[in-house]
Amino acid sequence: MKKALRTYTFKDVKVNESLFRKRMEINKSYLRELDDTCLLQNYYFEAGIIIPGLMTVEDPSKANMHWGWEAPSCQLRGHFLGHYMSAAAAVVANDGDAILDAKLRHIVSELSRCQKMNGGRWVGSIPEKYFEIMIEDRYIWSPQYTIHKLLMGLLDTYKYTGNEEALKILSGMADWFIDWTEDMKKRSPETIYKGEQAGMLETWADAYSVTGDERYKILAENYKDQGIFRKIKAGADALTDEHTNASIPIIQGAAKMYELTGDEDWRKIVEVFWDLAVSKRGMYATTGQNAGEFWIPPMKMGEYRGDRGQEFCTVYNMVRVAEYLFKWTGNSEYTDYIEKCIYNGFLAQQSAETGMPTYFLPMTTGSHKKWASKRNDFWCCQGTMIQSATKYPEMIYSADDENKILFVNQYIPSELSSTLGDKKVKVVQSLGMMGNEVVTLFEEHSISEKSRWKLRFKVEEADEAFTLALRIPEWVEGEAEVSVNGTASDIKKESGYALIDGIKGSDVIDLFLPSVVKAERLPDMKHLAAFVDGPIVLAGLTDEVDVISGDFDNPSEFLDPVTEHAYDIFVWLQNNYRTKRQPKAIKFMPLYDVKDEAYTLYFEEAKK
């Protein structure tokens with residue numbers, strides 16, 4: 001097995017003031033404000049623990065409880081806590097937040113209490129009998145999905161914060177699952193793969209890689225015979241019309257199995273999946289490949305364009321698959337994809353005011369984002385959203401320790417302080433134009449003074465010279481420009497990265513990535529296109545106009561930039577445009593900036 005790149009962790013990277021830092025802080029505030037008792041409510045109920053004031057509820061609207069998918073009447077109740085634990089643990093690992101650290105320790109302690117009252121092994125928020133129901137021809141809503149989230153949260157809490165009690169609870173659940181899976185192999189083998197169990201394989205394999213405990217290896221073996229794997233190996237279209245988010249996590253399990261075993265068959269499954277899911281299927285400009293939670297048939301994006309597109313969970317989970325593939329290959333195809341997901345999923349489907357998600361991303365004329373509430377929805381996407389907003393620190397940098405190459409994968413203002421190989425390295429990434437209290441860099445590129453794609457990297461510490469690998473995105477128009485200490489540098493490009501050798505302490509590297517607005521046409525309806533500025537999808541603020549007169553191959557013919565001084569992350573308004581020579585002027589802005597306005601993504605080309 002070829003040695004993989006190393007991903008820098010939450011402890012290595014700090015995200016500095018920026019759009020991303022703002023969204024991380026909004027998310028952290030939400031994690032802090034949620035009540036521990038409400039998060040644990042369904043675990044208390046299942047363990048028979050009485051919550052003061054909730055023995056009877058006379059007025060549900062005033063009860064201190066979580067509702068929606070967390071309501072005691074919902075079969076998916078309790079799933080959100082696992083997401084919460086993973087997200088909170090990531091924040092604690094990244095910035096040592098004392099409030100979330102205390103909340104996590106309290107939650108783990110209470111889960112341990114619930115486990116004891118349930119007999120020492122089971123600690124679920126749902127009855128064990130839900131797993132027996134899966135054998136019968138009775139509907140039951142995803143019990144394995146629900147419990148998987150708790151297992152994931154416990155493992156992440158141990159991995160990121162070192163909480164031994166969380167691992168002990170996970171150990172008890174492992175004993176329960178060993179007995180259950182062994183029983184099912186005798187009575188009803190297919191039941192092991194029911195109840196939306198997609199994430200189980202990766203979690204058990206990851207637990208084995210972290211602990212070396214053979215029980216987790218046994219569980220991974222018990223979950224590895226996935227039907228989708230056989231379809232992929234047979235060369236079939238294993239995805240069309242299948243539930244999108246029930247399949248992507250299974251592939252994450254295959255990826256983890258490859259890393260554990262080195263068996264190339266596992267890697268091949270992941271690579272073929274990517275080919276089926278992205279390369280041969282196509283995608284919307286925003287990266288979505290699904291509608292109504294199901295995979296769209298290959299290249300049929302126009303036909304399936306509607307109000308229930310791009311479920312957020314799928315964006316989050318496809319990013320995680322792309323991370324595996326990049327780690328194995330170092331190919332910018334995957335980090336380019338991740339960048340599009342960041343801007344047009346992570347940011348676009350998160351409310352800039354509340355941090356709440358929109359479950360789907362509507363793509364019709366006059367769309368509106370439907371935001372979740374903080375305490376009354378708890379959709380699956382609410383869980384993946386709070387995790388996604390913690391991921392930025394581990395998405396930016398990677399290391400090839402053997403060859404002393406530092407990869408910059410995402411352009412996010414940040415500080416890396418860690419090692420490359422066995423030598424210390426510290427690099428600060430910043431925007432050439434950042435904020436009102438930061439000196440703007442105007443040395444050159446007068447046309448790009450207002451561009452967000454002028455970046456600077458200061459090497460504050462390096463015990464040994466190294467190679468800096470800067471991703472050159474596929475959207476770059478013309479040639480990227482790199483200078484080292486003010487002197488232009490030749491670009492040696494490999495797998496989509498510019499390699500700059502001989503970087504040492506105190507060096508300053510400037511990067512300029514020129515971009516223009518381009519039209520991305522739908523594969524099956526070429527007359528319809530979305531407009532994209534670099535990786536950023538633009539939304540037209542209109543609920544009635546979806547026809548634009550002009551040549552979509554030359555958007556500057558009908559789009560003028562809009563610039564005004566701003567008192568925010570950037571000194572000037574970024575990526576805003578206005579149509580010209582149209583019956584009605586339409587303002588275009590980044591999709592991630594749209595809050596409650598009506599917007600349209602795809603427009604019809606009406607050539608003059």
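Me: Which residue is the bridge partner of Ser-398 in strand 6?
Reply: In this predicted model, Ser-398 has Phe-407 as its bridge partner there.

Me: How many bridges do strand 5 and strand 6 share, and in which sense do they pair?
Reply: Four, and the pairing is antiparallel, between residues 397–400 and residues 405–408.

Me: What sheet is there, and in what strand order?
Reply: An open sheet of six strands, ordered 1-5-6-10-14-13, with mixed pairing. Strand 1 (6–7) and strand 13 (492–494) are at the edges with a single partner strand each, so one side of each has no neighbour in the sheet.

Me: Which strands does helix 14 touch?
Reply: Helix 14 packs on the sheet against strand 10 (466–471) and strand 14 (497–503), and its direction is at about 50° to that of strand 10.

Me: Switching to rings. How many aromatic pairs are there in the whole structure?
Reply: The search finds 42. One of them is Phe-131 with Phe-177, edge-to-face, with 5.7 Å centre to centre and 80° between the planes.

Me: Where do Phe-131 and Phe-177 lie?
Reply: Phe-131 is in helix 5 (residues 129–133) and Phe-177 in helix 7 (residues 164–187), so the pair ties together parts 46 residues apart in sequence.

Me: Is Phe-131 buried or exposed? And Phe-177, buried or exposed?
Reply: Phe-131 is buried at 1% relative accessible area, and Phe-177 is buried at 0%.

Me: What about Tyr-359 and Trp-379?
Reply: Their ring centres are 5.6 Å apart with planes at 55°, so the pair counts as tilted. Both residues are buried.

Me: Which ring does the charged end of Lys-149 sit over?
Reply: The ring of Tyr-145, 3.8 Å from its centre.

How values were computed:
Residues numbered from 1 in each chain as written. Predicted model: local features only at pLDDT ≥ 70, side-chain atom pairs only at ≥ 80, totals over all residues. Heavy atoms only, no water. Pairing = 2+ DSSP bridges. Helix = DSSP H or I, 4+ residues; strand = E, 2+ residues; numbered from the N terminus. Contact = heavy atoms within 4.5 Å. Axes fitted to C-alpha atoms, helices over the stretch in contact; angles between N-to-C directions. Phe/Tyr/Trp six-rings, centres within 6.5 Å; stacked < 30°, edge-to-face > 60°. Buried < 20%, exposed > 50% of the residue type's maximum accessible area, 1.4 Å probe, protein only. Lys NZ or Arg CZ within 6 Å of the ring centre and 35° of its normal.
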